[in-house]
Amino acid sequence: MAMGESKQMETKAIIIPAYVKALSGSVGGVVEASCLQPMDVIKTRLQLDRTGTYKGILHCGTTTVKTEGVRALWKGLTPFATHLTLKYALRMGSNAVIQSAFKDANTGKISNGGRFASGFGAGVTEALLIVTPFEVVKIRLQQQKGLSQELLKYKGPIHCARLIIREEGLRGLWSGAVPTVMRNGTSQAVMFTSKNTFDGLFWNKHEGDGKVLQPWQSMISGFLAGIAGPVCTGPFDVVKTRLMAQARSGGAFKYTGVVHAISTIYVEEGVRALWKGILPRLMLIPPGQAIVWGLADQVIGLYERNYMHKNNNMLA
């Protein structure tokens, strides 16, 4: 009986607490925001360009620097960094909480179906609570062009949020919430499932098994996991950006909703416009996931090592 119990203890996966995963995500979010903000600014400018002002990523970046200075590439950094830190903490934490409903009671393991559902739930949660309001402020700041602070409508993130609420009501901070939910839910479902799949396929690593990957191994798995989402959710991201960027002008919005926005963009700009900014997204998201997972797995791994050390001492 004792031998059976010992064997079960050895094979049962370590349960990683939600707070550990939340902490791991917030650490990765800070670093990702600082490194990748310029590409996010370029992506936003390209998605908002309806007149062909920018000829591509390089032209958009150089034009921005020439006309507005290098600092313009970090426009919206404060809400971007804050939003990423909170987003990853909520994403990783809520994913862990939702996963608990799908874990096998005996082994602590979770199926790919359960992992997919948990990822989708985490994506929806972050989209509603964190991503939408922060991205509305970030995009409004990023779309502003010019060097003179006095001529800009929004003077900073707090001023921007206050002005949006004053002019458009509290709901203005949740402009584009529907496509954001659709984008993030799908993206995180794919990301969490594929990250776990790549870890097992390449490194024979499974969550809670006590094995700690090298940072470069986590980064490779995270990078590959970050590719599928942007391709699948491109139209949602373009529509989200357009809905968030539009301020009420003359009492009416150009786009009245997701379906109307997609049909209008398709008619006026063609089907390719629904994937505008896809290249900078692919230059932004996979490296971002590589950075986040390279750091997050180390934080989670530290917990797994300490847990196993304490458990081994107790057994001894």
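Is Glu269 buried or partly exposed? Select this residue in the predicted model to begin the tour. Glu269 counts as partly exposed, at 25% relative accessibility.

**First stop: Glu269 and Arg242**

The side chains of Arg242 and Glu269 form a salt bridge, with 3.0 Å from N to O. Glu269 belongs to helix 9 (residues 258-269) and Arg242 to helix 8, so the pair links distant parts of the chain, 27 residues apart.

**Second stop: Glu207 and its two partners**

Next, select Glu207, which lies in the loop between helix 7 and helix 8. Its relative accessible area is 26%, and Glu207 is therefore partly exposed. Lys21 is buried, with a relative accessible area of 6%.

Then display Arg115, which also forms a salt bridge with Glu207; here the closest N and O atoms are 3.5 Å apart. Because Arg115 lies in helix 5, this pair ties together parts that are 92 residues apart in sequence. Arg115 counts as buried, at 5% relative accessibility.

The whole structure contains 23 salt bridges.

Move to helix 7 (residues 177-203), where Phe192 is found. Phe192 counts as buried, since its relative accessibility is 6%, which is under the 20% cut-off. Leaving aside residues up to four places away in sequence, Phe192 touches Arg91, Met92, Asn95, Arg115, Gly119 and Trp293. Arg115, from the second stop, is thus one of its contacts.

Which residues have the most contacts inside the largest nonpolar core? Select Val137, Ile139, Leu141, Tyr154, Cys160, Ile164 and Leu173; the core has 13 residues in total. Helix 5 (112-143), helix 6 (157-168) and helix 8 (215-245) each supply at least two of its residues. A second, separate core has 10 residues, including Ile42, Leu46, Tyr54 and Ile57.

Return to Leu173 and show its surroundings. Apart from residues up to four places away in sequence, Leu173 touches Thr132, Pro133, Val136, Val137, Ala161, Ile164 and Ile165.

**Last stop: Ser34**

Finally, select Ser34 in helix 2 (residues 18-48). Ser34 is partly exposed, with a relative accessible area of 43%.

Technical notes. Residues are numbered from 1 along each chain as its sequence is written. This is a predicted model: local features need pLDDT of at least 70, side-chain atom pairs count only at pLDDT 80 or more; totals for chains, interfaces and linings use all residues. Side-chain values use heavy atoms; hydrogens and water are left out. Helices (H or I, at least four residues) and strands (E, at least two) are DSSP runs, numbered from the N terminus. Buried means under 20% relative accessible area, exposed over 50%, partly exposed in between (1.4 Å probe, protein chains only). A nonpolar core is a set of buried Ala, Val, Leu, Ile, Met, Phe, Trp, Tyr and Cys residues joined through side-chain atoms within 4.5 Å. Contact means heavy atoms within 4.5 Å. A salt bridge is a side-chain nitrogen of Lys or Arg within 4 Å of a carboxyl oxygen of Asp or Glu.
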